[in-house]
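Please read it with the structure open.

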Amino acid sequence: MKCPVCSNNMQEEKFGEVRVDVCKDGCKGIWFDCLELRELDERWEGSGGNLGDALDVPRVSDTNRGRIICPKCVKSMQKHKYKASNITVDECYICGGFFLDAGEFKAIRDMSMTKQERTKEVNKLVIKSKHILNELEEGQRKGGAFEQILEHIKTRFLLGFML
Ligand SMILES: [Zn+2]
Ligand SMILES: [Zn+2]
């Protein structure tokens, strides 16, 4: 497959279970087929020596570059920010493929939570919901109306968030 930015031949690389195309001899951009990027956009995902190489490239600015043509569909790709980041990526709305310029792959992974951070967040939520369940049970034992207790908890929960 030809690189949509510099026209060099891209080479297939395996990052764990996912096969991507890397512009090794040219701009170091990476092509992801539909859904492949989603499997690799978190820091703990993927593995292999080639993944390290792909991540270890300086980031280039793509702000001056216009739209590129999808190497699969030969149609114009869309430029937009990836998830809630300030990183502009190229996506083909027809096949769902993504092209990331050099360094963008690392930038996207770096802004994701680590596995530990995510586990921490999930645990916090679990503890919070346990509190809610306990309060619900407690309230019902005391003979309160379900709706009323729920309203009370909701208010306290929201206040907790704001504080
Ligand atoms: Zn290239
Ligand atoms: Zn396409």
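Strands β4 (residues 78-81) and β5 (residues 88-91) run antiparallel and are joined by four bridges. The model that shows this pairing is predicted. The protein as a whole has four helices and six strands, and the automatic or database assignment divides it into domain 1 (11-111) and domain 2 (115-162).

**Strand pairing and hairpins**

- Six residues separate β4 from β5 in their hairpin, and Lys-83 in the turn has a positive phi of about 45 degrees.
- β5 also runs antiparallel to β6, with two bridges joining these strands.
- Glu-91 stands opposite Phe-98, a residue of β6.
- The hairpin of β5 and β6 likewise has six residues between its strands, and Gly-96 in this hairpin takes a positive phi near 80 degrees.

**Overall form**

- Read from the N terminus, the order of elements is β-β-β-α-β-β-β-α-α-α.
- The radius of gyration of the protein is 23 Å, whereas a compact globule of 163 residues would have one near 15 Å.
- The C-alpha trace spans about 75 × 30 × 25 Å along its principal axes.
- Between the C-alpha centres of domain 1 and domain 2 there are 40 Å.
- Of the 163 residues, 23% count as buried.
- When contacts between residues at least 6 apart in sequence are considered, 49% of them join residues at least 24 apart.

**Nonpolar core**

- The largest nonpolar core has 24 residues.
- Val-20, Val-22, Ile-30, Trp-31, Phe-32, Phe-98 and Leu-100 have the most contacts inside this core.
- Two or more core residues come from each of β2 (18-22), β3 (30-32), α1 (49-55), β6 (98-100) and α2 (104-111).
- Trp-31, one of the residues with the most contacts inside the core, touches Met-1, Met-10, Val-20, Asp-21, Pro-71, Gly-97 and Phe-99, leaving aside residues up to four places away in sequence.
- Phe-98 is also among the residues with the most contacts inside the core, and Phe-98 is the residue that Glu-91 stands opposite in the pairing of β5 with β6.

**Asp-101, a buried loop residue**

- Asp-101 is placed in the loop between β6 and α2.
- Asp-101 counts as buried because 24 C-beta neighbours lie inside 10 Å, and the cut-off for a buried residue is 20 or more.
- Leaving aside residues up to four places away in sequence, Asp-101 touches Cys-27, Gly-29, Val-60 and Asp-62.
- Asp-101 and Ser-61 are 40 residues apart along the chain, and their C-alpha atoms are separated by 8.2 Å.

**Helix α3**

- Helix α3 covers residues 115-141, and at 1.5 Å a residue its 27 residues should span 39 Å.
- Just after α3, Gly-143 takes a positive phi of about 90 degrees.

- Most residues other than glycine have a negative phi.
- Ser-7, which is not a glycine, has a positive phi of about 70 degrees.
- Ser-7 sits in the segment before β1 (11-15), and Ser-7 is exposed, with 12 other C-beta atoms within 10 Å.
- Leu-35, another residue other than glycine, has a positive phi near 75 degrees.
- Leu-35 lies in the loop between β3 and α1, where Leu-35 is exposed, with 11 other C-beta atoms within 10 Å.
- Both residues count as exposed because the cut-off is 12 or fewer such atoms, and Ser-7 has 12 while Leu-35 has 11.

Definitions and conventions: Residues numbered from 1 in each chain as written. Chains lettered and ligands numbered in written order. Predicted model: local features only at pLDDT ≥ 70, side-chain atom pairs only at ≥ 80, totals over all residues. Core = buried A, V, L, I, M, F, W, Y, C linked by C-beta atoms within 7 Å. Contact = placed C-beta atoms within 7 Å. Rg over C-alpha atoms; globule rule 2.2 N^0.38 Å. Pairing = 2+ DSSP bridges. Expected span 1.5 Å × (residues − 1).
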